[in-house]
Amino acid sequence: MSDHSESATFAADSAADVHDRISDAVFALDEGLRLSYFNERAADAFRDPESELLGTRAWEQALDPAFRRACERAIETTEPVTLETLSRPFGGWIDVRVYPSESGVSVYCRETDREEAAGGEGAELRKRERALRRAYEIVADPERTFREQVDDLLATVSDVIGTDYATLSRVHEGAGEYVFEHVFAPNEADLEAGKTVPLEATNCERVVDTERTLVLGDVQTDAPELADRAGNAEWGIACYLGTPVFVDSEVYGSFCFYDTEAHPESFSEWDRTFVELLGNWVSYELERRRRERELEESNDRLEGFAYAVSHDLQEPLRMVTSYLGLIEGRYGDRLDEDGEEFLAYAVDGAERMREMIDGLLTYSRIETRGDPLEPVELDEVLEDVLEDVHLQLEEHDAAITTESLPRVRGDREQLRQLFQNLLSNAVAYSGDEPPRIDVRAERRDGEWVVSVSDEGIGIDPEDQERIFEVFQRLHGPEEHEGTGLGLAICERIVDRHGGEISVDSEPGEGTTFSFPLPPAEE
């Protein structure tokens, strides 16, 4: 062996000896986040008797998913990352520092709870403050999936209120069953997500029936009538704190925490409030996710309907139009004045039907066929629109004034459609005078609010809500052209961009349509 190799081996062995002598856990991960080194303290937390640690991801049993994201961020940015997380094998809360290296990351874990082991009111307040901060970080983290958020919350609450078990469970009333959807429990416990038990065997049945939080510091003392239930007698549940979870005003299940030993000081009012607060968040998220699924299903059905309509009606419509053209070409000179008028009505009706079908197809695809939202120069979008409608503007001697428009985050083609519909609408309802249209934008509450104003005939306040409904028209086709879909499409485009279009108008005094758009990232 060369002197250089001997020196390198000695240096590595010396570093390992130093790391083994410190009380903090130190370990290293390769680019695949597999363990490539660990000291004795880390081995205590990671040890799995059924496998060798090196080359494994044993840390996944000791650290929550936030640690994995921290490692990935450190590797990607080549910058150190710090976080505070909860770890049962480490004995509570730990400060984690992740340092990028050429081959992966190096990690240092310090157990913060040791500094507060002496207890005291100040230590308890700091523990609660940390739990609240941690809960906020979890629910506000856009990178966490809902499953990761719930799992992390169960671990956080269990630590702060002092229980070993926590679940989010769902009631399957038709079968009288209780389904464990998310579980936090010791590794040796025979409890995992997906397991089903009779509802009547659990304390959660009372939570579901009463729709209220149940607090039992000692099941035997506080609720002896529940002590013989299988969940308490067979599983050894001695204390329980659970709150109902609601979706659409119906009990979905429970967010609950329990242990095999009675709670030494019962659960405090703060414990109860903390659980109820996070249970409310879980209810909100479940309801929001259900509504999103329903909206997606509705959009899918709408697009399917529009697709079927476009295919089922377009062909016969083309046939009708073709035959009307043949009749006009072959027999036009034989028709009297009434016949020519009837034929013109038929041709016009077929054309309006085609426009309505095209509009309905556009409306149905706004959510599902749009491009990703990205930085867009509104000045360029408006310039393109003005080129598209310049013939209509010249025909009506329309004048458009505009200030410099901002850079926003949006779907360029849909924003183009939005401006085109609003400008065409302003021209169509300008009255007897040449259209005068103004387009401008102002920064308001962190958004760009764009307005399109005209000096036209205006809209009665009683009609201002229904103008955005599909196929709703305030005037007949003999007065104004249109399909009754233009403003409905505008509303849906603005909604997809996270805003709500509004109208300000009085009859005879013109109309202003306003809508917010998110600013492009600086």
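**View 1. Y108 counts as partly exposed, at 33% relative accessibility.** Here partly exposed lies between buried (under 20% relative accessible area) and exposed (over 50%), with a 1.4 Å probe and protein chains only. Y99 is partly exposed too, with a relative accessible area of 35%. The model is predicted: local features need pLDDT of at least 70, side-chain atom pairs need 80 or more, and totals for chains, interfaces and linings use all residues. Residues are numbered from 1 along each chain as its sequence is written, and side-chain values use heavy atoms, without hydrogens or water.

**View 2. Aromatic rings pair up in this structure, which holds 9 such pairs.** W59 and F67 are one example: their ring centres are 5.1 Å apart and their planes stand at 70°, so this pair is edge-to-face. Pairing needs centres within 6.5 Å; planes under 30 degrees apart are stacked, over 60 edge-to-face, the rest tilted. W59 and F67 are both buried. Y99 and Y108 make another edge-to-face pair, at 5.8 Å from centre to centre and 80° between the planes. Look also for F27: ring pairs link F27, W59 and F67 into a cluster.

**View 3. Strands β1 and β2 form a hairpin.** Strand β1 covers residues 25-30, and strand β2 covers residues 35-38. The two run antiparallel and are joined by 3 bridges. Strands pair if DSSP finds at least two bridges between them. F27 has F38 in β2 as its bridge partner. F27 also belongs to the ring cluster with W59 and F67. Between the two strands lie 4 residues. In this turn, L33 has a positive phi of about 60°.

View 4. A salt bridge is a Lys or Arg side-chain nitrogen within 4 Å of an Asp or Glu carboxyl oxygen. R68 is partly exposed, with a relative accessible area of 22%. E72 is also partly exposed, at 38% relative accessibility.

**View 5. A salt bridge between R206 and E225 links distant parts of the chain.** The N to O distance in this bridge is 2.9 Å. R206 sits in helix α6, residues 204-210. E225 lies in the loop between α7 (219-222) and α8 (230-233). The partners are 19 residues apart. R206 counts as partly exposed, at 30% relative accessibility.

**View 6. R444 and E442 meet through their side chains in a salt bridge.** The N to O distance is 2.6 Å. R444 is partly exposed, with a relative accessible area of 39%. E442 counts as partly exposed at 42%. Elsewhere, shared partners join D248, E287, R290 and R291 into one network of salt bridges. In total, the structure holds 23 salt bridges.

**View 7. N232 is a buried residue of helix α8.** Its relative accessibility is 6%. What does N232 touch, leaving aside neighbours within four places in sequence? N232 is in contact with N203, V219, L226, A227 and I237. Contact means heavy atoms within 4.5 Å.

**View 8. M319, Y323 and L326 form a nonpolar patch on the surface.** Together they have about 330 Å² of accessible area. Patches take residues with over 30% relative accessible area and no salt bridge, joining like charges within 9 Å and nonpolar side chains (Val, Leu, Ile, Met, Phe, Trp, Tyr) within 5 Å. Y323 is exposed, with a relative accessible area of 51%. Y323 lies in helix α9, residues 269-331.

View 9. The protein has 14 helices and 18 strands. These are DSSP runs numbered from the N terminus: helices are H or I, at least four residues, and strands E, at least two. Among contacts between residues at least 6 apart in sequence, 60% join residues at least 24 apart. The accessible surface comes to about 28,700 Å². Carbon and sulfur atoms hold 46% of that surface. Areas come from the Shrake-Rupley method with a 1.4 Å probe; for residues, only the protein chains shown count as cover.

Notes: Phe/Tyr/Trp six-rings, centres within 6.5 Å; stacked < 30°, edge-to-face > 60°.
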